[in-house]
Amino acid sequence: MELQSKVAVVTGAASGIGLAAAERFVAEGMSVVMADIEAPVLNEQVARLQSDGAAVVPFVFDVSVAEEVAALRDFAVATFGAVHLLFNNAGVGGTGRPTWKTKPAAWDWVIAVDLLGVAYGVEAFTPLMVEQGEGHIVNTASEAGLCTTPMLGAYHAAKYGVVGLSEALVMELAGTGVGVSCLCPELVNTKIFESARHAPAHLGLPKPEPVSMEALASFMKTTAIDPAVVAGNVVDAVRGNSFWILTHEITHVRAKHRNESQQRGDTPSMISGNGAQ
């Protein structure tokens with residue numbers, strides 16, 4: 001799909017991958033609805049882009065509420081007349097607790113944002129694209145949707161769900177003119193590990209401390225890439241109608257380890273950032 005003069009909707013657009021994608025889409029000649037729950041930051045970024053002449057508008061909403069996702073669709077159509085690209089990107093990190101110590105309220109929050117938010121976006125926007133015979137949906141999963149580590153049970157459950165949802169969707173939409181991509185990034189320089197700042201108060205999660213990407217990269221033996229690189233990967237996938245968007249070569253190694261382990265019937269185990277067990 002060509003992007004010039006088309007319309008994109010980006011969720012989680014106030015920062016990180018979503019903001020970088022919005023900036024890249026603008027550079028490609030698109031009009032963009034930038035949607036996020038974090039109103040002050042969203043409005044600041046939209047104003048910055050508008051001052052440079054970008055055709056962007058803000059929409060403040062909660063991706064975990066189906067009615068608000070439908071309102072986002074209606075707003076986008078009313079503003080720009082159509083939607084050609086949906087980037088279901090909004091997400092939160094895990095709670096950093098063992099799966100068996102994760103409270104029901106925390107499960108509700110992670111699943112509602114990371115999985116149901118994607119499902120609601122698919123339900124709201126896909127009929128528009130099918131009717132117009134053109135469109136592309138990009139769903140943000142994670143390497144955590146392909147292979148697993150301890151302490152992130154709820155996050156893995158949500159991201160594996162996004163991968164499965166996306167795989168089913170691309171099969172269902174074959175021949176309609178609507179493409180699907182599944183983004184599975186590893187470490188990206190964003191605030192995903194500080195996402196508890198958006199958590200409902202009743203979860204009782206402590207205010208997150210700033211996370212050092214350098215420290216995380218060193219611990220994980222990987223590279224924290226710039227969100228702009230991921231945005232470029234997304235544009236390439238949309239243009240080429242590619243399903244998988246993997247940002248790190250190590251993801252191929254880890255996914256292969258998981259799949260071969262499964263074939264052998266081994267108990268799940270993880271490998272380090274450099275591929276060693």
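The points below concern the salt bridges of the structure.

1. The model is a predicted one. Its salt bridges number 10.

2. Glu134 and Lys6 form a salt bridge in which the closest N and O atoms are 2.7 Å apart. Glu134 is located in the loop between helix H4 (104-132) and strand S5 (135-140), and Lys6 in the segment before strand S1 (7-11), so this pair ties together parts that are 128 residues apart in sequence. Lys6 counts as buried because its relative accessibility is 15%, under the 20% limit. Glu134, at 28% relative accessibility, is partly exposed.

3. A salt bridge also joins Arg254 and Glu143, with an N to O distance of 2.8 Å. Arg254 belongs to helix H8 (residues 249-264), while Glu143 lies in the loop between S5 and helix H5 (153-172); the pair links distant parts of the chain, 111 residues apart. Both Arg254 and Glu143 are buried.

4. Arg24 and Glu28 form a salt bridge, their closest N and O atoms being 2.9 Å apart. Glu28 is buried, with a relative accessible area of 15%, whereas Arg24 is partly exposed at 27%.

How values were computed:
Residues are numbered from 1 along each chain as its sequence is written. This is a predicted model: local features need pLDDT of at least 70, side-chain atom pairs count only at pLDDT 80 or more; totals for chains, interfaces and linings use all residues. Side-chain values use heavy atoms; hydrogens and water are left out. A salt bridge is a side-chain nitrogen of Lys or Arg within 4 Å of a carboxyl oxygen of Asp or Glu. Helices (H or I, at least four residues) and strands (E, at least two) are DSSP runs, numbered from the N terminus. Buried means under 20% relative accessible area, exposed over 50%, partly exposed in between (1.4 Å probe, protein chains only).
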